[in-house]
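Trainee: Could we go through this structure together? I should like to begin with the sheets and then turn to the packing.

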Amino acid sequence: MFLKKGRYKIERTLTAGNFGQTYIAIDQHSQFPSQEVVIKKLKPQQNDPYTLQNAKRLFKQEVEVLKKLGSHKQIPTYIDDFLENQDFYLVQEYIKGKDLTEELKLGNKLGESEVIQLLFDILEVLDFVHINGVIHRDIKPSNLMRRTQDNQIVLIDFGAVKEVGTVLVNQQGEKTITVIIGTPGYMAGEQGQGNPECASDVYAVGKIAIQALSGISANLIPPNSLLRNQNNDELLWRKGVSVRHELGNIIDKMVEQNFLLRYQNAGEALQAIKAILPSNVEQPAGFWMRLAADLIDRTIIITGSIILDLFMYGVTVDGEELTGRILVFYIIAGFIYCPVMDSSKTQGTLGKMLMGIKVTDLQRRKVPFDQATKRHSSKIFSYLTLGIGFIMAGFKRKRALHDIISGCLVIRSS
Ligand SMILES: Nc1ncnc2c1ncn2[C@@H]1O[C@H](COP(=O)(O)OP(=O)(O)O)[C@@H](O)[C@H]1O
Ligand SMILES: [Mg+2]
């Protein structure tokens, strides 16, 4: 199927929602061959001239807003908009990545510093949205994407644009919104009553944080689970979740039932989160700590290699051959031990655990196995530079050459 006189070739449907469809298409006019774009189709509720005329005005208004918002690197860039067969189309940048439904699926609990980082990432872009006078109105995991290229959060699916599909206009030209935009579980009370505020978006972000910490979907957390415990004044979501009071209190304030008691906008919540951001709490590991951890690990691997050699070859007398074998064991064992431990729940080898430090990516998240392997392999460059690669960890940026090559940080565990 083609749209706009053959410019856009529809490839596949992403979703078919209540208000319209979302497609992936090829933009044949793009300077890049087979450039993929996302096209959102919005269907007006009725085809009477009043509704259509108003839907058009509303759509044009929202397109102007999206053009402005699309300049932010965490919001898809606006590409095009047009009307065809009385349907409205919005074309935007295709974000390669996954939405957060996967990361936040049932039973998946994120660590505290990961949640703080997630809140920071979401609130930073939402702050820009609020500063521009826009309320998103439908913040939830499926409307937040994790871009593959840089692991950043991208905010999609602005609810205001959906209004085009929900508005009805009567003969007197009065606008009646027939459908409340939003999603149960993430929608604040005032928004459910038709009065969305910036603080309603803050509420949704708070519910996402609770979902991330507890591993329970926000739709499944009944509103009354947010009631205060009469005895200790704590909100009940904290049960079974280990969370520092600083973070817990911020989340509590984000999900207050009365919006006047919440942070009024993303900017206010962002200020609170900044104070407890891992980068302000978890400092980079000091050089001597890292050296000590390294020596401990080397001792462990060498001891392991000697034991393995004893086990396989018994007590040997030929020193040179023994050294050669141990060296081979040592290299192989290192390639298993380091990446496995660094990418495990401990986020570090035994040496690092003992010294209270851990390996993370630039967003201070646990690194996957392949990244940990890359980090270990790139130590070869730290050796080849006669150890300068290692010593770099003692300088201002506190990153060894192999940390930089593999996109890792070594930080103190909080
Ligand atoms: N710009 C985009 N780039 C990549 N994927 C997108 C983009 N916009 C939407 N999607 C994907 O399509 C899904 C539905 O799009 P969305 O705009 O949220 O429409 P809906 O109104 O149906 O929720 C999203 O959850 C996301 O997975
Ligand atoms: Mg959506």
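**Sheets, cores and domains**

Mentor: Let us begin with the open sheet of six strands, whose order is β1-β2-β3-β4-β6-β5 with antiparallel pairing. Please keep in mind that this is a predicted model.

Trainee: Which are the edge strands there?

Mentor: They are β1 (2–3) and β5 (78–84), each of which pairs on one side only. The partner of β5 is strand β6 (residues 87–93), and six bridges join the two in an antiparallel arrangement.

Trainee: Which residue is the bridge partner of L83 in β6?

Mentor: In β6, L83 is bridged to F88.

Trainee: What about I39, where is it found?

Mentor: I39 belongs to strand β4 (residues 35–42).

Trainee: Is I39 buried or exposed?

Mentor: I39 has 26 C-beta neighbours inside 10 Å, and therefore counts as buried. The cut-off for that class is 20 or more.

Trainee: And what is I39 in contact with, leaving aside its neighbours within four places in sequence?

Mentor: The contacts of I39 are L3, Y8, Y23, A25, Y89 and V91.

Trainee: How far apart are I39 and I251 in space?

Mentor: Their C-alpha atoms are 35 Å apart, and 212 residues separate I39 and I251 in sequence.

Trainee: I251 brings up its helix. Which residues of α6 are buried?

Mentor: Helix α6 covers residues 245–254, and G248, I250, I251, D252 and M254 are buried in it. The cover over these buried residues of α6 includes α5 and α7 (266–274).

Trainee: Moving to the largest nonpolar core, which residues touch the most other members?

Mentor: That core has 69 residues, and L119, I122, L123, V202, V205, A209 and M254 touch the most other members. Helix α5 (residues 198–214) gives the largest share of this core, 11 residues.

Trainee: Why does this core lie between domain 1 and domain 2?

Mentor: Domain 1 (2–93) and domain 2 (97–276) both contribute residues to the core, so it lies between them.

Trainee: Take I122 from that list. What is I122 in contact with?

Mentor: Apart from neighbours within four places in sequence, I122 is in contact with L144, I153 and V205.

Trainee: How many bridges join β7 to β8?

Mentor: Three bridges join β7 to strand β8 (residues 144–147), and the two run antiparallel. In one of these pairings, K98 has R146 of β8 as its bridge partner.

Trainee: What span should α2 have, and how far apart are its end C-alpha atoms?

Mentor: At 1.5 Å a residue, the 20 residues of α2 should span 28 Å, and the end C-alpha atoms are 28 Å apart, which agrees.

Trainee: What comes just after α2?

Mentor: G133 does, with a positive phi of about 75 degrees.

Trainee: We have not yet discussed domain 3. Where does it run?

Mentor: In the domain assignment, domain 3 covers 287–412. The C-alpha centres of domain 1 and domain 3 are 51 Å apart.

Trainee: Why is strand β13 largely enclosed?

Mentor: Of the five residues of β13 (residues 408–412), four are buried, so the strand is largely enclosed by the rest of the structure. Five bridges join strand β12 (residues 357–361) to β13 in an antiparallel arrangement, and T360 has L409 of β13 as its bridge partner.

Trainee: Finally, how many helices and strands does the protein have?

Mentor: The protein has 15 helices and 13 strands. Of its 414 residues, 36% count as buried. Its C-alpha trace spans about 100 × 65 × 40 Å along the principal axes.

Methods
Residues are numbered from 1 along each chain as its sequence is written. Chains are lettered from A and ligands numbered from 1 in the order in which they are written. This is a predicted model: local features need pLDDT of at least 70, side-chain atom pairs count only at pLDDT 80 or more; totals for chains, interfaces and linings use all residues. A nonpolar core is a set of buried Ala, Val, Leu, Ile, Met, Phe, Trp, Tyr and Cys residues joined through C-beta atoms within 7 Å. A residue is buried if 20 or more other C-beta atoms lie within 10 Å of its own, exposed if 12 or fewer, and partly exposed in between; C-beta atoms are placed from the backbone. Domain bounds come from an automatic or database domain assignment. Two residues are in contact if their C-beta atoms, placed from the backbone, lie within 7 Å. Two strands pair if DSSP finds at least two bridges between them. The expected span of a helix is 1.5 Å times one less than its number of residues.
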